[in-house]
Amino acid sequence: MGDYATNPHAKLVALLTTLVKAVEADTAVVQDVFEPVLYAKGHQLVMPGKTARFMYYINTGYIRTFYLDDLAEVTTNINCPLGFITAFDSYVTQQPASEYLECITDCQLLRISKQALDNLFRKSPVWAEAGRLINEQVIVYNAQRTRDMVTVSAEQRYLNLMEEHPDFFQHIPLQYLASFIGVKPESLSRIRKRLSFPNPG
């Protein structure tokens, strides 16, 4: 909490410098265009029918996107590559969203509007390049996730999630994780039990 209070932009600046060669002018602009915000667990950042006004960078916390299918919540994303998340279709088109964007935990975020982000990309070649690289990683991540949901077993998807994001299991309810890997909560419980107590021999 202390680091966020004294320098909420530090984590994003550090990310920028790992992606591109940034000078002080490139990093200084972060404080001008990314607004620090705090939200409590359960806060809905976007709802269906409302336009996603902001892209969020996650300093701390966990956020998910989900939609309703016959009143059942289907979780489609939990935090995204490199820490940026929003209802992407709505944010890009500035049309009403078809999904929810919700804080799973208390969250410390930075946010930027679509207009401010577009202006940043126009004015700063460094930020435009960083945006391109981030977008590429998101595209690759989503393509891999789509393939895995079709070609990889539920058990292996669970194991992959455990390896890549062990912290999820400490902070995120199992019903959200079950939906995220495409199984019912009872199926996830069986997988966890089977892997914790393998059959002998």
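**Close-up views of the predicted model**

View 1. E129 is partly exposed, at 30% relative accessibility (buried is under 20% relative accessible area, exposed over 50%, partly exposed in between; 1.4 Å probe, protein chains only). This is a predicted model, in which local features need pLDDT of at least 70 and side-chain atom pairs count only at pLDDT 80 or more, while totals for chains, interfaces and linings use all residues. Residues are numbered from 1 along each chain as its sequence is written, and side-chain values use heavy atoms, with hydrogens and water left out. The side chain of E129 meets that of R132 in a salt bridge, at 2.6 Å from N to O (a side-chain nitrogen of Lys or Arg within 4 Å of a carboxyl oxygen of Asp or Glu). Both residues belong to helix α7 (residues 125-151); they are three residues apart, and therefore separated by about one helical turn. (Helices, H or I of at least four residues, and strands, E of at least two, are DSSP runs numbered from the N terminus.) R132 is likewise partly exposed, with a relative accessibility of 38%.

**View 2. The salt bridge between E35 and R111.** The closest N and O atoms of E35 and R111 are 2.8 Å apart. This pair links distant parts of the chain: E35 lies in strand β1 (residues 35-39) and R111 in strand β8 (residues 107-113), 76 residues apart. E35 is partly exposed at 38% relative accessible area, whereas R111 is buried at 17%. By the salt-bridge rule, the count comes to seven.

**View 3. The network of R64, E73 and E102.** Salt bridges link R64, E73 and E102 in a network. Between E73 and R64, the closest N and O atoms are 2.5 Å apart. R64 is buried, its relative accessible area being 1%; E73, at 39%, is partly exposed.

View 4. N79 sits in the loop between β5 (72-78) and β6 (84-85). Its phi is near 45°, a positive value in a residue other than glycine. N79 is buried, with 15% relative accessible area. L82 is also placed in the loop between β5 and β6, and has a positive phi of about 70° although it is not a glycine. With a relative accessible area of 26%, L82 is partly exposed.

**View 5. Surroundings of Y56 in the largest nonpolar core.** The largest nonpolar core has 36 residues, of which L12, F34, L45, Y56, I63, F84 and L109 touch the most other members (a core is a set of buried Ala, Val, Leu, Ile, Met, Phe, Trp, Tyr and Cys residues joined through side-chain atoms within 4.5 Å). Leaving aside neighbours within four places in sequence, Y56 is in contact (heavy atoms within 4.5 Å) with Y39, L45, G83, F84, I85, L101, L109, L110 and R111. A second, separate core of 16 residues includes Y158, A178, L188 and I191.

**View 6. The crossing of helices α8 and α11.** The axes of α8 (residues 154-164) and α11 (residues 185-196) come within 10 Å and cross at roughly 75°, which means that α8 is roughly perpendicular to α11. (Axes are lines fitted to C-alpha atoms, for helices over the stretch in contact, with angles from 0 to 180 degrees between N-to-C directions; under 35 degrees is roughly parallel, over 145 roughly antiparallel, 65 to 115 roughly perpendicular, the rest oblique.) A154, E155, Y158 and L159 in α8 meet L188, I191, R192, R194 and L195 in α11. The contact has six nonpolar, no polar and three charged residues (Ala, Val, Leu, Ile, Met, Phe, Trp, Tyr, Cys and Pro count as nonpolar, Asp, Glu, Lys and Arg as charged, the others, Gly among them, as polar).
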